[in-house]
Amino acid sequence: MNQAWRILAGLAAGLALGALGDWAAWPAIGDFTAAADAVGGLWLDALKMTIVPLVFALIVSGVMSTASAAASGRITARSILLFAILLPAAAAFAAVVAPLLLALWPIPPQSAAALAGAAPAAEAVAVASAGPYSFLRAFIAPNIVAAAAEGAMLALAVFALLFGFAASRIGGDRRAALTTFFDAIVETMLVIVGWVLLVAPLGVFALAFVVGAQTGFDSLGAFGHYVAIVSLTLVLLTLVTYPLAVWGGGVRLADFARAMIPAQSVAIGTQSSLASLPAMIEAARGPLALPPRVVGITLPLAVSLFRMTSPAGNLAVAIYIAGIYGIDLSFWQLASGVIVAAIVSVSAVGIASAVTFFPLMAPICLAMGLPIELIGLLIAVETIPDVFRTVGNVTADVAVTTVVARGRWLRERRIPS
């Protein structure tokens, strides 16, 4: 049993034992709940302590590597430009689609109340709607250390983005030293996150036990509904990549759909874009007949730097959390989420989603003024939406390659085969 399924088993066991204890009116249920609350809270705090250093280092490292790649050739630069357009567009797609799905299929009220009432410390979080001027001021923090301490993730993400671009412009030796430094920070923090995730089944079990003891099985509906809403958002985003390939890449819809089936099958089985790369290359060079030179550059680059479903899926999760607490998100809160989701999505491509789910979700929620305590529980069922994330990424990678190879912006200067 891999780690994702162990975490899911911890969730199921915690909910079941907590609900059973509540139903049976165990005399010691209060003591067990208090102990579980402490253990679960400690595990959450261990995850929270990694957020700022890991996210900052990931963004800086990702931006520096992207900037270096963009300077290596015309095909690479145009591929990265397309990535930079599509990532915020994907987040904006989720900002529109996820609220519509929740309006059409609302969260079961009893389930939402159960989770909202049981999540630790969630009631202490205050959410304020930002206007256009405060939204504008939120981009820049006069004291970045204070911003990090206060969880001002929009300002922190923008500063990390600027820092990464600036670092890519300095002299070679100094740039190499900074690259090594931030890569080392990322690797060190991921080791710590890995240690924390080793005990994730216990941490999730403890959190779920508290939920079960306080709400019984009422929260089960919310977990199933959450998986359905986030997965449906990802499926709809994946479907959007088909017209991208047709209109932007000039391929026939039926040809693209047939060519993608083998790569999508590998993606479902492995939940890994990297493992699906050989099948993607075969589809691009075979049925789609794309120039080998473009395929050889853009597809590996897309797997390395581009994960289109990440900002959309993560923002959909944040919007769902807002729905759990009955928070009506303003346009400016959604805009903050779109920006932060797009920025952090370039920072953790190639890292397992189980490792990055909390570190990448927390900045988005904090930027939108949302509680982050529920993320520790939702990570347990992320293995199901992750299948749709991978399928969407694989499909988008090939669609982007068709646009780079055959798009209108290359009409004047054709790329040779």
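A residue counts as buried when its relative accessible area is under 20%. Keep that in mind as we go through this predicted model.

Q: What makes Ser 273 buried or exposed?
A: The relative accessible area of Ser 273 is 18%. The cut-off for buried is under 20%, so Ser 273 counts as buried.

Q: Where does Ser 273 lie?
A: You will find Ser 273 in helix α13, which covers residues 273–285.

Q: Which residues is Ser 273 in contact with, leaving aside its neighbours within four places in sequence?
A: They are Met 280, Val 303, Thr 390, Asn 393 and Val 394.

Now to the aromatic rings.

Q: How many aromatic pairs does the structure hold?
A: There are 13 aromatic pairs.

Q: Why is the pair of Phe 83 and Phe 306 called stacked?
A: The ring centres of Phe 83 and Phe 306 are 4.7 Å apart, and their planes stand at 10°. Rings pair if their centres lie within 6.5 Å, and planes under 30 degrees apart count as stacked. Both values meet these limits, so Phe 83 and Phe 306 form a stacked pair.

Q: Which parts of the chain does this pair link?
A: The pair links distant parts: Phe 83 belongs to helix α4 (residues 74–104), while Phe 306 sits in the loop between α14 (292–305) and α15 (309–324), 223 residues apart. Both Phe 83 and Phe 306 are buried.

Q: Why is the pair of Phe 163 and Phe 182 called edge-to-face?
A: Here the centres are 5.6 Å apart and the planes are at 70°. Planes over 60 degrees apart count as edge-to-face, so Phe 163 and Phe 182 get that name.

Q: How do you know whether Phe 182 is buried or exposed?
A: Phe 182 has 6% relative accessibility. That falls under the 20% limit, so Phe 182 is buried.

Q: What makes Phe 163 partly exposed?
A: Its relative accessible area is 28%.

Key:
Residues numbered from 1 in each chain as written. Predicted model: local features only at pLDDT ≥ 70, side-chain atom pairs only at ≥ 80, totals over all residues. Heavy atoms only, no water. Phe/Tyr/Trp six-rings, centres within 6.5 Å; stacked < 30°, edge-to-face > 60°. Helix = DSSP H or I, 4+ residues; strand = E, 2+ residues; numbered from the N terminus. Buried < 20%, exposed > 50% of the residue type's maximum accessible area, 1.4 Å probe, protein only. Contact = heavy atoms within 4.5 Å.
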